[in-house]
Amino acid sequence: MKNKFMLRAIALSIESVKTGGGPFGSIIVKDDKIISEGFNKVTSTNDPTAHGEIVAIRDACKKLNNFNLKGNELYSTCEPCPMCLSAIYWARIDKIYYANTREDARKIDFDDSLIYSEFKKNINERKIPMIQMLRNEALKAFELWDKKTDKVKY
């Protein structure tokens, strides 16, 4: 059964390449049924976050009317990049199955090594400068959230 799901993700990645997208496909499965599908839409939508996994997560959340995808599994044609992996954790997906590795992706110019190395650096040593400002003013929203009794935790 699991091979069937990965083969569907692979078919999506091939479809993506043939229609001008990147070679990445992903599906989300719950109770042995495909809930959502996604393939790379970065260039077709001019959205750098429209990776196959993100597209599939957005669609699954919409279909299930829930931001929490606990109980779901994700099949991806490649080891998720740092952004997608973060989204998978935020969505609380139970398990990831992947085909190609990040090294395979690097060999065809999808190289995330800069991002991985940036995570390890001190905030003041990163390639993109990060400058903190107006913290006290911004803390007001955090204080309101902290006191809110009807908040939905995520």
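A salt bridge is taken here as a side-chain nitrogen of Lys or Arg within 4 Å of a carboxyl oxygen of Asp or Glu. The model is predicted. By that criterion, the side chains of R58 and D47 form a salt bridge, with 3.5 Å from N to O. This pair links distant parts of the chain. R58 belongs to helix α3 (residues 52–64), while D47 sits in the loop between α2 (42–45) and α3, 11 residues apart. R58 counts as partly exposed, at 44% relative accessibility. D47 is also partly exposed, with a relative accessible area of 22%.

A search of the whole structure gives nine salt bridges. Another of them joins E73 to K2, whose closest N and O atoms are 3.7 Å apart. E73 lies in strand β3 (residues 72–78) and K2 in helix α1 (residues 2–18), so the pair ties together parts that are 71 residues apart in sequence. E73 counts as buried, at 18% relative accessibility. K2, at 36%, counts as partly exposed. A further salt bridge, between R106 and E103, has an N to O distance of 2.6 Å. These two residues are three apart in helix α5 (residues 102–107), which places them about one helical turn from each other. R106 is partly exposed, with a relative accessible area of 36%. E103 is partly exposed at 35% relative accessibility.

Four strands make up an open sheet with mixed pairing, in the order β2-β1-β3-β4. Strands β2 (33–39) and β4 (95–100) stand at its edges. Each has a single partner strand, so one side of each is left without a neighbour in the sheet. Neighbouring strands are turned by 15° against each other on average, direction ignored. Strand β1 (residues 25–30) runs antiparallel to β2, and six bridges join the two. In one of the pairings, G25 has F39 of β2 as its bridge partner.

In soluble globular proteins, nonpolar side chains tend to be buried together. The largest nonpolar core of this model has 15 residues. I28, I57, L69, L74 and I93 have the most contacts inside this core. Helices α3 and α4 (82–91) each supply at least two of its residues. Helix α3 gives the most, with five residues. Neighbours within four places in sequence aside, L69 is in contact with I28, I57, A60, C61, L64, A91, R92 and I93. Another core, of eight residues, lies apart from the largest one. Among its residues are A9, I27, F39 and Y75.

Four aromatic pairs are found in the whole structure. In one of them, the rings of F24 and F110 have their centres 4.9 Å apart and their planes at 90°, so the pair is edge-to-face. F24 is in the loop between α1 and β1, and F110 in the loop between α5 and α6 (113–120). The two are 86 residues apart, and the pair links distant parts of the chain. F24 counts as buried, at 15% relative accessibility. F110 counts as partly exposed, at 35%. The rings of Y75 and Y97 have their centres 4.6 Å apart and their planes at 15°, so this pair is stacked. Y75 lies in strand β3 and Y97 in strand β4, so the pair ties together parts that are 22 residues apart in sequence. Y75 is buried, with a relative accessible area of 1%. F5, Y75 and Y97 form one aromatic cluster.

Methods. Residues are numbered from 1 along each chain as its sequence is written. This is a predicted model: local features need pLDDT of at least 70, side-chain atom pairs count only at pLDDT 80 or more; totals for chains, interfaces and linings use all residues. Side-chain values use heavy atoms; hydrogens and water are left out. Two strands pair if DSSP finds at least two bridges between them. Axes are lines fitted to C-alpha atoms, for helices over the stretch in contact, and angles run from 0 to 180 degrees between N-to-C directions. Buried means under 20% relative accessible area, exposed over 50%, partly exposed in between (1.4 Å probe, protein chains only). A nonpolar core is a set of buried Ala, Val, Leu, Ile, Met, Phe, Trp, Tyr and Cys residues joined through side-chain atoms within 4.5 Å. Contact means heavy atoms within 4.5 Å. Rings of Phe, Tyr and Trp (its six-membered ring) pair if their centres lie within 6.5 Å; planes under 30 degrees apart count as stacked, over 60 as edge-to-face and the rest as tilted.
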